[in-house]
Amino acid sequence: MSNRSKKIIAGNHKMFTTLPEGMALAKEVHRSCGQWTESVDVVLFPPATHLFAVSGILNNTPISTGIQNCSSFREGAYTGEISAEMAKSAGADYVLIGHSERRHLFGESDEVLVQKMKQAKQAGLKIMYCFGETLAQRESGQVEQIIQSQLALLHQLDEFTANDLELAYEPVWAIGTGLTASPSQAQEVHAMVRKFLSLHYPQFAEQLRILYGGSVKAENAKDLLANPDIDGLLVGGASLKADSFSAIVQSALP
Ligand code: PGA
């Protein structure tokens, strides 16, 4: 059964919630979404300080957890860094790599992102690789070129399969702004990504899931998911409340 036969809804909690709040949110998400996890994959990305506790809460449930970032190094004297292996040992199944906040606010270069993906793969974490254009790039007609160059980083990984990777298209202009790509704008990019995959990775282009992210809410989730190449959603703000997140998970039921 290919991964695409199931939608995936991921919540990126960013730098929000204290530890007690993050634990309560995880419990609440499990309580409200647990009944749907046979039909929809659910992943939570809490802050790194909460990962061990949240993974413990969700242990023995089908809800997965991930870390929002990892180091590009394996180990060493890198004060403040968290390695992929540490995240895995604290319970993470996934890592987010290439999120626009990391690319733009923290200046993560393509080289760094490739190193992070290599570390993640070695540690056995699934990669959720984010990419997307800025408003200026969209307005100057560069969407395809920018996204293809962001996807080209995948060529630098050795081997990977559809089970190692999820892709997340997140137009930068839609993240945290309340502006969502319209379902047809999103589908157009997702179809282009699928075409890129079928040219470069024909062996699993039809299995890889492509999520959409950027101001997803309960109100727009269903219309986005109705498109043939949108296999899931990466949710920021609306994942911080269990009721709005679970309404989004519900909208992904077949
Ligand atoms: P948003 O964030 O849903 O708050 O726009 C999405 C993301 O950054 O992953």
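Lys-14 counts as buried, because its relative accessible area is 18% and buried means under 20% (over 50% is exposed, in between is partly exposed, with a 1.4 Å probe and protein chains only). This is a predicted model, so local features need pLDDT of at least 70 and side-chain atom pairs count only at pLDDT 80 or more, while totals for chains, interfaces and linings use all residues. Residues are numbered from 1 along each chain as its sequence is written, and side-chain values use heavy atoms, with hydrogens and water left out.

Lys-14 sits in the loop between strand 1 (7–12) and helix 1 (19–33); helices (H or I, at least four residues) and strands (E, at least two) are DSSP runs, numbered from the N terminus. Its phi is positive, about 50 degrees, although Lys-14 is not a glycine. Asn-60 is another non-glycine with a positive phi, here about 65 degrees. That residue belongs to the loop between helix 2 (51–58) and strand 3 (64–67), and Asn-60 is exposed, with a relative accessible area of 77%.

Lys-14 turns up again around the ligand. There, 14 residues surround the ligand, and the closest are Lys-14, His-99, Glu-170, Gly-176 and Ser-215; a residue is near a molecule or strand if one of its heavy atoms lies within 4 Å of it. The side chain of Lys-14 has an N or O atom 2.7 Å from an oxygen atom of the ligand, and the side chain of His-99 also places an N or O atom 2.7 Å from a ligand oxygen. On its own the ligand has 280 Å² of accessible area, and the protein covers 94% of that (areas come from the Shrake-Rupley method with a 1.4 Å probe; for residues, only the protein chains shown count as cover).

Next come the rings. A search of the whole structure gives 8 aromatic pairs, where rings of Phe, Tyr and Trp (its six-membered ring) pair if their centres lie within 6.5 Å; planes under 30 degrees apart are stacked, over 60 edge-to-face and the rest tilted. Phe-45 and Tyr-94 make an edge-to-face pair, 6.3 Å centre to centre with 65 degrees between the planes. This pair links distant parts of the chain, since Phe-45 is in strand 2 (residues 40–45) and Tyr-94 in strand 4 (residues 94–97), 49 residues apart. Phe-45 is buried at 0% relative accessible area, and Tyr-94 is buried at 3%. Phe-160 and Phe-204 form a tilted pair, 5.4 Å centre to centre and 55 degrees between the planes. Phe-160 lies in the loop between helix 7 and strand 6 and Phe-204 in the loop between helix 8 and strand 7, so the pair ties together parts 44 residues apart in sequence. Both Phe-160 and Phe-204 are buried. One aromatic cluster is made of Tyr-129, Phe-131, Tyr-169 and Tyr-212.

Another buried lysine is Lys-116, with a relative accessible area of 5%, and its place is in helix 5 (residues 110–123). Setting aside neighbours within four places in sequence, Lys-116 is in contact (heavy atoms within 4.5 Å) with residues including Asn-69, Cys-70, Ile-97 and Glu-108.

Conventions
A polar contact is a pair of N or O atoms within 3.5 Å; within protein, one must be able to donate a hydrogen and the other to accept it, and residues adjacent in sequence count only if both atoms are side-chain atoms.
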